[in-house]
Structure formats: structure tokens, C-alpha cells
Amino acid sequence: MKSLKKLARVLTEELHGEFCLTLEAEDGEAFGIRMTEKQIEDLIQELDDLLGDDTDEEDAATERKEMGDE
């Protein structure tokens, strides 16, 4: 396995009915992959799991703030 590199940017696009994801490292090296819609959904779920599910806590905090503003 190659050494890990620091991510500089992520590019997404749809080309000819395919979804393309390009990851670019700080040194300029880019890696492109084609993905299906299902693979994108799976990636999103994996990232959500990695970050944790704070949406319920954020929604409750937002509701309390909005109710206090009235």
C-alpha cells in the first residue's frame, strides 16, 4: 500500500451517466474513480457513521433556540 497523503480537494461530476469522484492530494497527485449511485449512497453512510450521528442533538438544540426567540 502506498503511503497516506493529505487530501487537498474532492471533485465530483457526472459524465455520460456515470458518477466520477476525484481525490487530489496536496502534492497534486489525483486519483479518479467511477461509482454507481448505490456506491455513493454507501460512501455517504460510511462517512455519516464515521462522523457520528449528531443530527438528533442538533435538531433538539435548534428547536430550543427557535422557541426561545419567539
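Two strands pair if DSSP finds at least two bridges between them. The model discussed here is predicted.

Reader: In what order do the elements of the chain run from the N terminus on?
Author: The chain has two helices and three strands. Read from the N terminus, the order is β-β-β-α-α.

Reader: Which strands stand at the edges of the sheet?
Author: The sheet is open, with three strands in the order β1-β2-β3 and antiparallel pairing. Each edge strand has a single partner, so one side of it has no neighbour in the sheet. Neighbouring strands are turned by 20 degrees against each other on average, direction ignored. The edge strands are β1 and β3.

Reader: Is Val 10 buried, exposed or partly exposed?
Author: Buried needs under 20% relative accessible area, and exposed needs over 50%. Val 10 has 43%, so the class is partly exposed.

Reader: How much accessible area does the nonpolar patch on the surface have together?
Author: Val 10 belongs to this patch, along with Leu 7, Leu 23, Phe 31 and Ile 33. β1 (7-15) and β3 (30-35) each supply at least two of its residues. Together the patch residues have about 430 Å².

Reader: At what angle does helix α1 run to β3?
Author: Helix α1 covers residues 37-51. This helix lies across β2 and β3. Its angle to β3 is about 115 degrees.

Notes. Residues are numbered from 1 along each chain as its sequence is written. This is a predicted model: local features need pLDDT of at least 70, side-chain atom pairs count only at pLDDT 80 or more; totals for chains, interfaces and linings use all residues. Side-chain values use heavy atoms; hydrogens and water are left out. Helices (H or I, at least four residues) and strands (E, at least two) are DSSP runs, numbered from the N terminus. Patches are made of residues with over 30% relative accessible area and no salt bridge: like charges are joined within 9 Å, nonpolar side chains (Val, Leu, Ile, Met, Phe, Trp, Tyr) within 5 Å. Accessible areas come from the Shrake-Rupley method with a 1.4 Å probe; for residues, only the protein chains shown count as cover. A salt bridge is a side-chain nitrogen of Lys or Arg within 4 Å of a carboxyl oxygen of Asp or Glu. Buried means under 20% relative accessible area, exposed over 50%, partly exposed in between (1.4 Å probe, protein chains only). Axes are lines fitted to C-alpha atoms, for helices over the stretch in contact, and angles run from 0 to 180 degrees between N-to-C directions. Contact means heavy atoms within 4.5 Å.
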